[in-house]
Amino acid sequence: TAVKLYNQAVELRDKGDAELSYVSFMKYLNLVNTIRKSSDYRGDEKYYNNLLGVKNVKNAIENAEKLQKDLQRRYEDRAEEAIIREKFEKLETREKLEK
């Protein structure tokens, strides 16, 4: 259910698993969007909003945005580290060949 997905995302975030938390928040938000597009939702919005929890939706959006920025920064840092490591290894190889 949507609430289980939301709770799972929060739990994963609290455990420090940013990747899985982000994926869970996005799954939750996709499910919310699917529900909101259904004819059943239009027939009884109040019921579905109570079921989904309006605060949960807002919190999920905020958390997903923050996690996205954090993950993007982390992956950019890793890519930069890999480039530096590669250059350093080439330099070491060149120095060994010159000796």
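Predicted model: local features only at pLDDT ≥ 70, side-chain atom pairs only at ≥ 80, totals over all residues.
Modeller: Residues are numbered from 1 along each chain as its sequence is written, and side-chain values use heavy atoms, with hydrogens and water left out.

Colleague: Why is H2 called roughly antiparallel to H4?

Modeller: The axes of H2 (residues 18–37) and H4 (residues 45–52) cross at roughly 170° and come within 11 Å. Angles under 35 degrees count as roughly parallel, over 145 as roughly antiparallel, 65 to 115 as roughly perpendicular and the rest as oblique. H2 is therefore roughly antiparallel to H4.

Colleague: What makes H2 oblique to H5?

Modeller: The axes of H2 and H5 (residues 54–98) cross at roughly 140° and come within 9 Å; H2 is therefore oblique to H5.

Colleague: Which residues of H2 and H4 meet?

Modeller: Contact means heavy atoms within 4.5 Å. Tyr28, Val32, Ile35 and Arg36 in H2 meet Tyr48, Asn49 and Leu52 in H4. Five residues of this contact are nonpolar, one is polar and one is charged. Ala, Val, Leu, Ile, Met, Phe, Trp, Tyr, Cys and Pro count as nonpolar, Asp, Glu, Lys and Arg as charged, and the others, Gly among them, as polar.

Colleague: Which residues of H2 meet H5?

Modeller: Among them are Phe25, Tyr28, Leu29, Val32 and Arg36. By class, the contact of H2 with H5 has 14 nonpolar, four polar and three charged residues.

Definitions and conventions
Axes fitted to C-alpha atoms, helices over the stretch in contact; angles between N-to-C directions. Helix = DSSP H or I, 4+ residues; strand = E, 2+ residues; numbered from the N terminus.
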